[in-house]
Amino acid sequence: MAEQVNSMRVTRAAKKRAATAMGSVQVLHPQATKKRVILGELTNLKNVVAISESDLVGPQKPKTRLRKKEEKIVEIEANSDDPQMCAPYASDIFEYLHSMEVEKKRRPLPDYMEKIQKDVTANMRGILVDWLVQVTEQYKLVSDTLYLTVSYLDRFLSSNCLHRHKLQLLGVSCMLIASKYEETTPPHIEDFCYITDHSCTKVDIIKMESEILNSLKFEMGNPTINTFLRRFTMAAQENSKSPNLEMDFLGCYLAELSLLDYACIRFLPSMVAASVIFLAKFTIQPKIHPWNSTLQRCSGYKPSDLKDCVLAIHEFKLYRKSNAGSWLAVRDKYKQDKFKRVALLTPTIEIPMAYFEDVEV
């Protein structure tokens, strides 16, 4: 009798463990509840922007980046006692990141649409990136995954001529690689097949993933706009008693908008991040000069260095706001209350040219 009781207890315990395991599997793989986000038909439109050779900004270091060792900025990380802030090493870390971002192997060609691509246009690229923003939201991926995805996308297109019907496949394959690099629990290949309504098969994605890795020579870790944006945002709020969330979200909004604009790839990620902070501060307080000596020392850029990039992002933001039928994912994302509805902030049409005069350090 005792043996039967013990046997029943063991059986019940085994069933309980099995039910728990099944429940955990269902939680970890919620594919059935995911909403599909399908990329629409790409139209054969001309490139939105035309860049002349004189407009191209190469990957050279800004002159203001060259400063003596003893002139390094005192770190402005909010909590120097937090080991994750790496305050004692932050200057060296960011000097290294600046040196990485100018390496030719990590930079896309600023005019690859004109020189390399035959069937893909800047407008198609914008549609794809806008769709990838929706995928990022759908699978709750971190922002670094999105920025890395676009980096891989541009670098691959800089050396590989692609037919338009493979553009979505390239996008999800780049996001798969970026997810593996950044995410704790990256989506499965089947998830990317599902979200494309199975227009991209598992075999297709695996094959494209291999092509991307070989084309980029497995150089997958490189600084993005988001890498520098975090630090510059801290510098912009150094005198604030508490974080200005509106400023944070507006910077993120403008940075993601810059990903849509093919014209912005000619600028270094650190320059785009600095320009985003400049424009965010100007949007919130248009009557106060958006740049100061702290931001100049932290970023290595003078206002005159940022002029072209700031005006490009500002013009793109104004143009896309008036064109309500195109590329709405980023705008819709930042119209939400959790992002302080920063996409609804009305920017001043013109930026005073006096704001681009250099600041004394």
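**Close-up views of the cavities and nonpolar core**

In this predicted model, three cavities of 30 Å³ or more are counted.

**View A. The largest cavity and the residues about its centre.** The space in the largest cavity amounts to about 300 Å³. Its lining is made up of 21 residues, of which Arg-107, Ser-151, Asp-154, Ile-225 and Pro-269 are the closest to the centre. By residue class, the lining of the largest cavity comprises twelve nonpolar, five charged and four polar residues.

**View B. Helices and domains around the largest cavity.** At least two lining residues of the largest cavity come from each of helix 5 (143-157), helix 10 (245-260) and helix 11 (269-284). Helix 5 contributes the most to this lining, namely four residues. Domain 1 (103-216) and domain 2 (225-356) both supply lining residues, and the largest cavity therefore lies between them.

**View C. The largest nonpolar core.** A total of 97 residues form the largest nonpolar core, within which Leu-170, Ile-205 and Tyr-253 have the most contacts. Helix 11 gives the most to this core, with ten residues. Because domain 1 (103-216) and domain 2 (225-356) both give residues to the core, it lies between them.

**View D. The surroundings of Leu-170.** Leu-170 is among the residues with the most contacts inside the largest nonpolar core. When neighbours within four places in sequence are set aside, the residues in contact with Leu-170 are Leu-153, Phe-156, Leu-157, Leu-162, Met-208 and Ile-212.

Definitions and conventions. Residues numbered from 1 in each chain as written. Predicted model: local features only at pLDDT ≥ 70, side-chain atom pairs only at ≥ 80, totals over all residues. Heavy atoms only, no water. 1 Å grid on protein atoms, 1.4 Å probe; cavity = no way out; pocket = protein on both sides within 12 Å on 5 of 7 lines; lining within 4 Å. Points joined across faces, edges and corners; volume = space filled by probe spheres on them. Nonpolar A, V, L, I, M, F, W, Y, C, P; charged D, E, K, R; others polar. Domains from an automatic or database assignment. Core = buried A, V, L, I, M, F, W, Y, C linked by side-chain atoms within 4.5 Å. Buried < 20%, exposed > 50% of the residue type's maximum accessible area, 1.4 Å probe, protein only. Contact = heavy atoms within 4.5 Å.
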